[in-house]
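I open this notebook to record what I looked up in the structure. The entries begin with one detail and then widen to whole chains.

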Amino acid sequence: MVDLPRRSLLAGIAALGAGACAKINESETTRSLVGAAEDGHRAVHRALAGKQGLVPEYTRAERSPTFKGNGTVTIANPFYQEQLAKGFADWTLEVRGLVETPMRLTLADIRALPQRTQITRHDCVEGWSAIGEWQGPQLSALLDAAKVRAEAKFIIFRCADVLYGRDYYESVDMVDAYHPQTIIAHSLNGEPIPEKNGAPLRMRIERQLGYKHAKYLTAIEAVASFDNVGQGKGGFWEDVGGYQWYAGI
Amino acid sequence: MIRHALSTRLWHWINAAAIIVLFMSGLTISNAHRYLYWGDYGFDPKDAWLAVIKFPTWATIPQHYNLAVARDWHILAAWPFAIGLLFIWAAMLANGHFRRNLVTKPADWTPGAVLASVKSHSGGAAQGYNPVQKILYGGVFGVLLPLMVFTGLAISPGFQAAAPWLLEVLGGRQSARSLHFIASWAIFGFFVVHILLALANWRLILAMITGGGRKAEPSAPAPDKGEPAHG
């Protein structure tokens, strides 16, 4: 659903056969260095900005004229198309996993919660940026209502789109889950989110790159580890393309 | 011939390796979206001020298109690059290399001084750097290398929460990205000239490894004693 040309996947697979550089890249030392750097960047960012540090918000005049859709931009699934046609009247968002009170919310329920409106910049891993006004409840409100258990370490976002034959999903740690600008958006620039941008619900994880902002949201799941989630790396692009789970750079 | 300080030599080679990795992985990252914009946003090639060529894979890290791997290398090599820059600035200020060899006088900036530097190609061992060398090295140390660090940090969506002022100063994220690209090619230009001139006098390369074949000669003028002084 996000931000990468198809060839990146093919190239990633082709990489296995390449020469000496690929060997260096795949070596245990390189992988552990890269992993240490990723954890280091997350720690440094959190130390410098604080766990609740906000990204800049823009004025309406500073928005981009349109908002690029990337990755999955349409969903062929008949149920989705039927729901799209009737304003997602039967769409629900499930809150499940390590919570005391699992919940199932309709779009009307989500719109009835206290709302946050934010005009923020969306940065794709490819390098481009778009600016839009998003509205929705803070994820923290839902997590508090469902009473997340103490052993939960990550929040998984389940999505309706399928890419390269796999279900798209993403995840964040509890710091980003409880960040004030982490919202479940249902509207973009004052209108329901268009299909290409993730209708009817899309996560906003403002301190990270676009592929973390899960679109076509169906469920929010609290887990203690990634062991039984996808291929265990915490997200679709992390599993498929080796992209960093902490996408703050 | 006069010796290079150990700090200078150590930094020079670590930095050289970091810059090569950063530049080549940066070309892969450029290939991911080959358009540059000014301002905060930009995604439509119609709004681009520059459509960059697709860099061939022989010039990139890795040697095929893989954005995830390129990003891993790029932000890993950014650490020795940025920490190294901090280190060499501290060392240059502490050991006097900066004051002696890089600080320019107003007279160095006159066309006459520049012309004289080019004509005489002075700046050999004993005389210290000529005005052109001082201006170029000063521009690389004082402007281009720090600009790479700051524009690189500004592009990071996580870092912006720590320093929103950085984006303001640089004119927005896409401006920072454009400046990052421009500065990288300016550094590449310096790199090419630097290597050609060093190859023209290979002893300079040896001196950057060993520190110089001999100790400072007694005949060297006193103020420059014990200091590196070649291009």
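**Entry 1: a strand pair.** I began with A:Leu93, which stands opposite A:Leu105 in β2(A). I then looked up the strands concerned: β1 of chain A, residues 92-97, pairs with β2(A) in the antiparallel sense over four bridges. For my notes, strands (E, at least two residues) and helices (H or I, at least four residues) are DSSP runs, numbered from the N terminus. Two strands pair if DSSP finds at least two bridges between them.

**Entry 2: conventions and confidence.** I note that this is a predicted model, in which local features need pLDDT of at least 70, side-chain atom pairs count only at pLDDT 80 or more, and totals for chains, interfaces and linings use all residues. Residues are numbered from 1 along each chain as its sequence is written, while chains are lettered from A and ligands numbered from 1 in the order in which they are written. The pLDDT is the predictor's confidence in each residue, from 0 to 100. For chain A I find a mean pLDDT of 92, with 91% of its residues at 70 or more. Over residues 13-18 of chain A, however, the pLDDT is below 50, and this stretch has eight contacts in the model beyond near neighbours in sequence. I count two residues as in contact if their C-beta atoms, placed from the backbone, lie within 7 Å.

**Entry 3: the sheet.** I followed the strands of chain A across an open sheet of five, in the order β2-β1-β11-β5-β6, and the pairing is mixed. Its edge strands are β2 (103-106) and β6 (166-173) of chain A, each of which pairs on one side only.

**Entry 4: chain A as a whole.** Chain A holds eight helices and 11 strands. Its radius of gyration (taken over C-alpha atoms) is 18 Å. The globule rule, 2.2 Å times the number of residues to the power 0.38, gives a value close to this, 18 Å for 249 residues, so chain A is as compact as a globular protein of that length. Along the principal axes, the C-alpha atoms of chain A fill a box of roughly 55 × 40 × 40 Å. Of the 249 residues in chain A, 45% are buried, meaning that 20 or more other C-beta atoms lie within 10 Å of the residue's own, with C-beta atoms placed from the backbone.

**Entry 5: chain B.** From the N terminus on, its elements run α-β-β-α-α-α-α-α-α-α. Buried residues make up 35% of the 231 in chain B.

Terms used:
Buried ≥ 20, exposed ≤ 12 C-beta atoms within 10 Å, placed from the backbone.
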